[in-house]
Amino acid sequence: MMFDKDLDLITTNSFVLSPLFEGEMKSKVMTRDGYLYSTLTPIQLLEKICIRYGSTFQGRIDAAKELLGYSKKLPLYIGEGIYAYPTRSPYHPECVWVFYHCYRYEAYSKRQTILYFDNGEIVILDISLHTVMEQQQRLASIILSLRFNKQQTLIRRK
């Protein structure tokens, strides 16, 4: 297998995946250690990363749909402790993906929310505080659902 630098952009240290619309770079990943860039769009990057962890992006979305009973703006289990939620429809060109981490948040305006990460970085999202809270709840639901299913499988094997 050839080395692919794009596969190292999304890790448990990723905070936010944002689209870029100027120049050659199409994505920016905010990480614990700074910013990383890719010539792939966010959705192309996520599709590639999901394959790395043994599934397709659509397969992960279909699983979340089945587990949660929702059909829009579904959280994404990528693999090995990497989870994210979209701020809009995943295929919307301005969709930002927020990864599972501890952060503080508050309303910045009626239609914007500010996130404060533990490394001092901040991000202003173009979604309401209500939507951030709803997306966090969906993300927590998928994490708990997958953990519960894994525990049930282990119990059945004993």
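Good morning. Please bear in mind throughout that this is a predicted model.

I begin with helix H1, which spans residues 42-52. Its buried residues are Pro42, Ile43, Leu45, Leu46, Ile49 and Cys50. Viewed down the axis of H1, these buried residues fall within an arc of 155°, and they therefore line one face of the helix. What lies over them? The cover for the buried residues of H1 includes strand E1 (14-19), strand E2 (27-31) and strand E3 (34-38), together with H2, E4 and strand E6 (97-99). After H1 comes Gly54, which has a positive phi near 95°.

I turn next to the open sheet. Three strands form it, in the order E7-E8-E9, with antiparallel pairing. Strand E7 (103-109) and strand E9 (122-125) are the edge strands, each pairing on one side only. From one strand to the next, the twist averages 20°. Between E7 and strand E8, residues 112-117, there are six bridges, and these two strands run antiparallel. As an example of a bridge partner, Arg104 has Tyr116 in E8.

Two residues deserve attention for their backbone. As background, most residues other than glycine have a negative phi. Lys73, although not a glycine, has a positive phi near 45°. Lys73 sits in the loop between helix H2 (57-68) and strand E4 (76-79). Because its relative accessibility is 24%, Lys73 is classed as partly exposed. The second residue is Glu80, also not a glycine, with a positive phi of about 45°. Glu80 is found in the loop between E4 and strand E5 (82-86). Is Glu80 buried or exposed? With a relative accessible area of 61%, Glu80 is exposed.

Arg138 belongs to helix H3, residues 129-157. Arg138 is buried, yet it has no salt bridge. The nearest side chain of opposite charge is that of Glu134, 4.5 Å away.

Thank you for your attention.

Methods. Residues are numbered from 1 along each chain as its sequence is written. This is a predicted model: local features need pLDDT of at least 70, side-chain atom pairs count only at pLDDT 80 or more; totals for chains, interfaces and linings use all residues. Side-chain values use heavy atoms; hydrogens and water are left out. Helices (H or I, at least four residues) and strands (E, at least two) are DSSP runs, numbered from the N terminus. Buried means under 20% relative accessible area, exposed over 50%, partly exposed in between (1.4 Å probe, protein chains only). Lys and Arg count as positive and Asp and Glu as negative; His and the chain ends are not counted. A salt bridge is a side-chain nitrogen of Lys or Arg within 4 Å of a carboxyl oxygen of Asp or Glu. Two strands pair if DSSP finds at least two bridges between them. Axes are lines fitted to C-alpha atoms, for helices over the stretch in contact, and angles run from 0 to 180 degrees between N-to-C directions. The arc is that of the directions from the helix axis to the C-beta atoms. Contact means heavy atoms within 4.5 Å.
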